[in-house]
Amino acid sequence: MTIEKLQFSLPAVFTIGPDNNLASLKKYALLLSGKPGRQGSSSHTSGNYVQDIVKGIIEGETRVIVSGMTMEEIFKERQLFKQHVIDNVQKELDQFGLRM
(Lines give C-alpha, C1' and ligand atoms only; values in the text may rest on other atoms or scores of the structure.)
Protein backbone atom coordinates (compact mmCIF):
# COMPACT_ATOMS: atom_id res chain seq x y z
CA MET A 1 0.00 0.00 0.00
CA THR A 2 1.41 3.37 -0.99
CA ILE A 3 1.58 6.52 1.11
CA GLU A 4 -1.74 7.49 -0.53
CA LYS A 5 -3.25 4.21 0.78
CA LEU A 6 -3.46 2.75 -2.74
CA GLN A 7 -3.10 -1.02 -2.94
CA PHE A 8 -1.37 -2.63 -5.89
CA SER A 9 0.18 -5.91 -6.88
CA LEU A 10 3.88 -6.05 -7.58
CA PRO A 11 5.00 -9.15 -9.46
CA ALA A 12 8.69 -9.86 -8.99
CA VAL A 13 11.19 -12.65 -9.54
CA PHE A 14 14.28 -13.07 -7.36
CA THR A 15 17.05 -15.61 -7.61
CA ILE A 16 18.41 -16.36 -4.16
CA GLY A 17 20.91 -18.93 -2.96
CA PRO A 18 23.72 -19.44 -0.49
CA ASP A 19 26.57 -16.94 -0.58
CA ASN A 20 29.97 -18.32 -1.57
CA ASN A 21 32.05 -17.87 1.57
CA LEU A 22 32.62 -20.12 4.57
CA ALA A 23 30.78 -18.01 7.16
CA SER A 24 27.71 -17.67 4.92
CA LEU A 25 27.70 -21.35 4.04
CA LYS A 26 27.72 -22.20 7.76
CA LYS A 27 24.75 -19.87 8.36
CA TYR A 28 22.93 -21.43 5.43
CA ALA A 29 23.65 -24.97 6.67
CA LEU A 30 22.23 -24.06 10.09
CA LEU A 31 19.16 -22.64 8.41
CA LEU A 32 18.64 -25.84 6.43
CA SER A 33 19.23 -28.03 9.47
CA GLY A 34 16.37 -26.27 11.23
CA LYS A 35 18.35 -25.82 14.45
CA PRO A 36 18.20 -22.04 15.04
CA GLY A 37 14.82 -21.22 16.59
CA ARG A 38 12.82 -24.00 14.95
CA GLN A 39 11.76 -26.10 17.92
CA GLY A 40 8.38 -27.67 17.32
CA SER A 41 8.04 -26.58 13.70
CA SER A 42 8.45 -29.93 11.99
CA SER A 43 5.46 -29.29 9.71
CA HIS A 44 7.73 -27.55 7.17
CA THR A 45 10.38 -29.12 5.02
CA SER A 46 13.71 -27.30 4.95
CA GLY A 47 13.07 -25.97 1.45
CA ASN A 48 9.64 -24.63 2.35
CA TYR A 49 10.99 -23.15 5.58
CA VAL A 50 13.72 -21.26 3.72
CA GLN A 51 11.28 -20.21 1.01
CA ASP A 52 8.85 -18.89 3.63
CA ILE A 53 11.61 -16.89 5.32
CA VAL A 54 12.80 -15.38 2.04
CA LYS A 55 9.25 -14.58 0.93
CA GLY A 56 8.55 -12.88 4.26
CA ILE A 57 11.70 -10.79 4.00
CA ILE A 58 10.94 -9.69 0.43
CA GLU A 59 7.33 -8.83 1.20
CA GLY A 60 8.17 -7.04 4.43
CA GLU A 61 10.98 -4.92 3.04
CA THR A 62 8.97 -4.05 -0.06
CA ARG A 63 6.04 -2.94 2.09
CA VAL A 64 8.29 -0.70 4.17
CA ILE A 65 9.69 1.01 1.08
CA VAL A 66 6.35 1.34 -0.73
CA SER A 67 4.57 2.76 2.32
CA GLY A 68 6.72 5.88 2.11
CA MET A 69 6.24 6.44 -1.63
CA THR A 70 3.47 7.68 -3.87
CA MET A 71 2.30 5.57 -6.80
CA GLU A 72 3.81 8.14 -9.14
CA GLU A 73 7.21 7.91 -7.41
CA ILE A 74 7.19 4.13 -7.65
CA PHE A 75 6.66 4.20 -11.41
CA LYS A 76 8.75 7.28 -12.23
CA GLU A 77 11.71 6.14 -10.16
CA ARG A 78 11.56 2.41 -10.94
CA GLN A 79 15.32 1.89 -10.89
CA LEU A 80 15.73 3.68 -7.56
CA PHE A 81 12.79 1.73 -6.10
CA LYS A 82 14.26 -1.54 -7.39
CA GLN A 83 17.67 -0.73 -5.91
CA HIS A 84 16.14 0.11 -2.52
CA VAL A 85 14.30 -3.21 -2.47
CA ILE A 86 17.44 -5.13 -3.43
CA ASP A 87 19.59 -3.35 -0.84
CA ASN A 88 17.09 -3.79 2.00
CA VAL A 89 16.33 -7.42 1.19
CA GLN A 90 20.03 -8.26 0.90
CA LYS A 91 20.75 -6.79 4.35
CA GLU A 92 18.19 -9.18 5.81
CA LEU A 93 19.35 -12.17 3.76
CA ASP A 94 22.92 -11.73 5.02
CA GLN A 95 21.96 -13.06 8.44
CA PHE A 96 20.99 -16.40 6.83
CA GLY A 97 24.02 -16.70 4.54
CA LEU A 98 21.91 -16.00 1.46
CA ARG A 99 22.71 -13.85 -1.56
CA MET A 100 20.38 -12.33 -4.13
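Modeller: A residue is called exposed when its relative accessible area is over 50%. The model here is a predicted one.

Colleague: Why does Gln7 count as exposed?

Modeller: The relative accessibility of Gln7 is 66%, and the cut-off is over 50%, so Gln7 counts as exposed. Gln7 lies in the segment before strand E1 (17-18).

Colleague: What puts the buried residues of H1 on the same side?

Modeller: The buried residues of H1 are Ser24, Tyr28 and Leu31. They cover an arc of only 55° around the axis, so they sit on the same side of H1. In general, an α-helix has 3.6 residues a turn, so residues three or four places apart point the same way. Leu22 and Lys26 are exposed on the other side of H1.

Colleague: How does the reach of H1 compare with the expected 16 Å?

Modeller: From first C-alpha to last, the 12 residues of H1 reach 16 Å, close to the 16 Å expected at 1.5 Å a residue. Just after H1, Gly34 has a positive phi of about 80°.

Colleague: Which residues touch the most other members of the largest nonpolar core?

Modeller: Among its 17 residues, they are Leu31, Val54, Phe81, Val89, Leu93 and Leu98. Helices H1 (22-33), H2 (46-66) and H4 (78-93) each supply at least two residues of this core, and H2 gives the largest share, eight residues.

Colleague: What is Val89 in contact with, leaving aside neighbours within four places in sequence?

Modeller: Val89 contacts Ile57, Ile58, Glu61 and Met100.

Methods:
Residues are numbered from 1 along each chain as its sequence is written. This is a predicted model: local features need pLDDT of at least 70, side-chain atom pairs count only at pLDDT 80 or more; totals for chains, interfaces and linings use all residues. Side-chain values use heavy atoms; hydrogens and water are left out. Helices (H or I, at least four residues) and strands (E, at least two) are DSSP runs, numbered from the N terminus. Buried means under 20% relative accessible area, exposed over 50%, partly exposed in between (1.4 Å probe, protein chains only). A nonpolar core is a set of buried Ala, Val, Leu, Ile, Met, Phe, Trp, Tyr and Cys residues joined through side-chain atoms within 4.5 Å. Contact means heavy atoms within 4.5 Å. The expected span of a helix is 1.5 Å times one less than its number of residues. The arc is that of the directions from the helix axis to the C-beta atoms.
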